Amino acid sequence: MKTHNRPLSPHLQIYKPQLTSVMSICHRATGVALVAGALLLVWWVIAAAVGPEVFDKVQKFLTSWLGILILFIFTCTLMYHLCNGIRHLFWDAGYGFRLEDVYKSGWITLSIAVLLTSITWIFVIILRTTVI
Amino acid sequence: MEYIKGGKHHWLMQRITAIVLVPFILWFVISVVSLTKMDYASARDWIGSTSVAITLISLIILSFYHAQLGLQVIVEDYVHTKSARLAILVLMKCALIFVVISAIFAVLKIALGR
């Protein structure tokens with residue numbers, strides 16, 4: 001379809017970001033990012049199947065500061081997509097369409113995602129520092 | 001392709017995989033966090049145990065199926081040229097199937113080779 005470069009709605013350059021629209025696009029963005037996360041898991045499993053040298057290289061990368069940063073971002077995106085996905089399922093079932101409810105569920109989603117990410121990493125820190 | 005076949009099945013499968021993935025994701029996060037030793041031998045012990053291998057393979061199939069459904073919608077939303085859209089969708093599907101098969105093979109190799 002030829003679009004003749006006509007302006008497309010919404011005009012993101014002049015559109016005021018709102019919790020609702022930002023969370024909506026973040027659901028897509030985190031979805032795409034999680035594909036990379038899933039590939040990371042597959043890479044780790046394949047490395048374990050290939051042999052100790054390859055596995056140790058992967059493990060060394062994952063425990064470097066860059067690897068830990070990637071794993072932390074992976075956890076954040078996973079928890080966000082998980083919580084916001086459940087929010088979407090409530091909408092699919094026909095609940096929570098009033099504007100104030102949409103904002104309320106948005107803030108609840110963000111809070112739970114932050115909480116789950118924090119709990120995960122608190123356990124990582126506790127278990128890693130006490131056992132090893 | 002969805003725009004030929006109709007989107008009802010796609011919509012339903014995206015929701016079903018989403019719901020089924022919730023317990024799998026929680027299992028995965030809790031398991032990986034609880035893995036106190038992450039060396040080669042213990043990673044293989046974990047992946048290779050029957051229950052973990054089966055759950056892990058299920059998680060991989062479910063998550064990549066869910067991912068392909070989501071990516072497909074994004075491609076259909078942003079790629080407007082029909083031929084390019086078809087090419088990207090087919091390539092993407094093939095690539096994801098290849099990744100899933102490789103991952104399943106890796107898990108089975110560890111689980112059965114012990």
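Which side chains meet in a salt bridge at 2.8 Å, N to O? The side chains of Arg15(B) and Asp92(A) do, a salt bridge being a side-chain nitrogen of Lys or Arg within 4 Å of a carboxyl oxygen of Asp or Glu. Across the interface of chain B and chain A, 2 salt bridges are found by this rule.

The model is predicted: local features need pLDDT of at least 70, side-chain atom pairs count only at pLDDT 80 or more, and totals for chains, interfaces and linings use all residues. Residues are numbered from 1 along each chain as its sequence is written, chains are lettered from A in the order in which they are written, and side-chain values use heavy atoms, without hydrogens and water.

The contact (heavy atoms within 4.5 Å) takes 32 residues from chain A and 38 from chain B. Between them the chains bury about 2900 Å², 78% of it on carbon and sulfur atoms; buried area is the accessible area (1.4 Å probe) that two parts lose on being put together, summed over both. In chain B, the most area is lost to chain A by Val33(B), Thr36(B) and Tyr40(B), together 21% of what that side buries.

The largest pocket has a volume of about 1000 Å³. A pocket is an open set of points on a 1 Å grid over the protein atoms alone where a 1.4 Å probe fits, with protein on both sides within 12 Å along at least five of seven lines; lining residues have an atom within 4 Å of a point. Volume is the space filled by probe spheres set on the points, which are joined across faces, edges and corners. Of its 43 lining residues, His27(A), Gly31(A), His81(A), Gln14(B) and His66(B) are the closest to the centre of the largest pocket.
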